[in-house]
Amino acid sequence: LIAGDIDQAVLEVVKSELNAKDVRIIEKEKEPITLSADLRMDRAAPVLRAKVNAVREKIRSMDGRLVQDQITANGFIEIDGSRIEPDMVDISRQPDPAYAYSQTEKYSIDVFINKNIDRDDYLEGLAREIVRRIQVMRKEMSLNYTDRIIAYLDVSDDFVDAINRHSDYIKNETQSDKLILDKIDGMKLWEINGEPVRIKIELSR
């Protein structure tokens, strides 16, 4: 999930580089994030004085997004008859634990990656990683798009499952006539998800 102002052409480049099943643009309001509000005591206490603890308890109990929206709309928020200025409030963001989260402050773009994937999605991701490595090797050999190859792969059990389940996809994406699970001389060593993956490709005769 990507939230922010991103050009469609840039998005297409991002999609091509990511090992992601789906990339979606969402509105900021639909980010998988919980907002919480609190008083900045160094700013609020001198103004609110005896009311500060009661107001702090109240603002902490409020929906952080509601607090933020009211401040954005009105320039302040009123709590129990006290006017709370923006510099007296701290809004913090807590991403949904189901997502990995990264923010680019310079471009105001937020990226969320769903960490809850099942076995099928995991194996599909491994297959895409294998495709990417073979495509790099094709480029290194200066092969034409129409050149057919045979790919030899020496991999661990999960990758074997991925290759067996997604062999047609891997063949189609890499112009491979055969995917052979074997260890031979001259293989290139890659590391994918911390696992050694050895691959050799040659022109199909």
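**An aromatic cluster and its surroundings in a predicted model**

Y99, Y101 and F112 form one aromatic cluster. The structure is a predicted model, in which local features need pLDDT of at least 70 and side-chain atom pairs count only at pLDDT 80 or more, while totals for chains, interfaces and linings use all residues. Residues are numbered from 1 along each chain as its sequence is written, and side-chain values use heavy atoms, with hydrogens and water left out.

Rings of Phe, Tyr and Trp (its six-membered ring) were paired if their centres lie within 6.5 Å; planes under 30 degrees apart count as stacked, over 60 as edge-to-face and the rest as tilted. By this rule there are two aromatic pairs. The pair of Y99 and F112 is edge-to-face, because the ring centres are 6.4 Å apart and the planes stand at 90 degrees. This pair links distant parts of the chain, with Y99 in strand β7 (residues 99-104) and F112 in strand β8, 13 residues apart. Y101 and F112 form an aromatic pair that is stacked, at 5.0 Å centre to centre and with 25 degrees between the planes. Y101 lies in β7 and F112 in β8, so this pair ties together parts that are 11 residues apart in sequence. Helices (H or I, at least four residues) and strands (E, at least two) are DSSP runs, numbered from the N terminus.

Burial was assigned from relative accessible area: buried means under 20%, exposed over 50%, and partly exposed in between (1.4 Å probe, protein chains only). F112 is buried, with a relative accessible area of 2%. Y101, at 30%, counts as partly exposed.

Two strands pair if DSSP finds at least two bridges between them. β7 and β8 pair in the antiparallel sense over six bridges, and S102 stands opposite V111 in β8. Strands of a sheet pair through backbone hydrogen bonds, either parallel or antiparallel.

D110 also lies in β8 (residues 109-114). This residue is buried, with a relative accessible area of 0%. The side chain of D110 makes polar contacts with the side chain of R93 at 2.8 Å and with the side chain of Q103 at 3.4 Å. A polar contact is a pair of N or O atoms within 3.5 Å; within protein, one must be able to donate a hydrogen and the other to accept it, and residues adjacent in sequence count only if both atoms are side-chain atoms.

D96 is located in the loop between β6 and β7. With a relative accessible area of 31%, D96 is partly exposed. The side chain of D96 reaches the backbone nitrogen of A98 at 2.8 Å. Leaving aside neighbours within four places in sequence, D96 is in contact (heavy atoms within 4.5 Å) with P32 and I33. The C-alpha atoms of D96 and S82, which are 14 residues apart along the chain, are separated by 32 Å.

β3 and β6 run antiparallel and are joined by seven bridges. A37 stands opposite I91 in β6. β3 is mostly covered, as five of its seven residues are buried.

In helix α3 (residues 52-61), V52, V55 and I59 are buried. They cover an arc of only 65 degrees around the axis, which puts them on the same side of α3; the arc is that of the directions from the helix axis to the C-beta atoms. An α-helix has 3.6 residues a turn, so residues three or four places apart point the same way. The face of α3 turned away from its buried side carries the exposed residues N53, E57 and S61. The buried residues of α3 pack against β3 (33-39), α2 (41-48), α4 (64-74), β4 (77-79), β5 (82-84) and β6 (89-95).

T174 lies in helix α7 (residues 167-174) and is buried, with a relative accessible area of 0%. A polar contact of 2.7 Å joins the side chains of T174 and S176. Not counting residues up to four places away in sequence, T174 touches V131, I134, Q135, R138 and I149.
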